[in-house]
Amino acid sequence: MKASAVRGHLDGLLLSVLEAGPLHGYAVIIAVQERSNGVLELRKGTIYPALNKLERLGLLRSVWEAEGERRRRCYELTDAGRRSLAEERSGWQEFTAAIGAVLNPAPGAGPRPA
């Protein structure tokens, strides 16, 4: 899938995979890939700036965690992030319903008379 198709929805995707609990950046990439059955493959150069932006906006918080000798930054949703995710989902449902109505009209739904 083209990166441009994800562009307007990246924040919602990231917030959604973090809803279940804290994850480090690479685990976020894997979670998106798994949830999308391999269709969405996010790159590190895309994900980390987006996670940092969401943190600056107060939608995420992060902590450094040590795993052996490796340190990883783990991200989790804030209350504001949960509210933002709910808004993203609502907007997505409206958007997909509108696009679906155009691309797959109900039987008998034709153009309106002028």
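A residue is taken as buried when its relative accessible area is under 20%, as exposed when that area is over 50%, and as partly exposed in between, with a 1.4 Å probe and protein chains only. At 15% relative accessibility, Ser-16 therefore counts as buried. The structure is a predicted model, in which local features need a pLDDT of at least 70 and side-chain atom pairs count only at pLDDT 80 or more, whereas totals for chains, interfaces and linings use all residues. Residues are numbered from 1 along each chain as its sequence is written, and side-chain values use heavy atoms, with hydrogens and water left out.

The pLDDT, the predictor's confidence in each residue on a scale from 0 to 100, averages 90 over the chain, and 90% of the residues score at least 70. Helices (H or I, at least four residues) and strands (E, at least two) are DSSP runs, numbered from the N terminus. Confidence is lowest in helix 1 (residues 3-6), with a mean of 65, and highest in helix 2 (residues 10-18), at 96. Ser-16 lies in helix 2, and, when neighbours within four places in sequence are set aside, Ser-16 is in contact (heavy atoms within 4.5 Å) with Arg-35, Leu-85 and Arg-89.

Helix 4 (residues 44-56) comprises 13 residues and reaches 18 Å from its first C-alpha to its last, close to the 18 Å expected at 1.5 Å a residue, the expected span being 1.5 Å times one less than the number of residues. Ile-47, Ala-50, Leu-51 and Leu-54 are buried in helix 4; viewed down the helix axis, the buried residues fall within an arc of 100°, so they line one face of the helix, the arc being that of the directions from the axis to the C-beta atoms. The cover over these buried residues includes helix 2, helix 3 (25-35), strand 2 (60-67) and strand 3 (70-77), while the face turned away from the buried side carries the exposed residues Gly-45 and Arg-56. Just after helix 4, Gly-58 adopts a positive phi of about 85°.

Strand 2 and strand 3 pair in the antiparallel sense over eight bridges, where pairing requires that DSSP find at least two bridges between the strands. Within this hairpin, which has two residues between the strands, Gly-68 takes a positive phi near 70°. Glu-65 stands opposite Arg-72 in strand 3, and the side chain of Arg-72 is also joined to that of His-24 by a polar contact of 2.7 Å. His-24 itself is situated in strand 1 (residues 23-24) and is buried, with a relative accessible area of 16%.

Note on methods:
A polar contact is a pair of N or O atoms within 3.5 Å; within protein, one must be able to donate a hydrogen and the other to accept it, and residues adjacent in sequence count only if both atoms are side-chain atoms.
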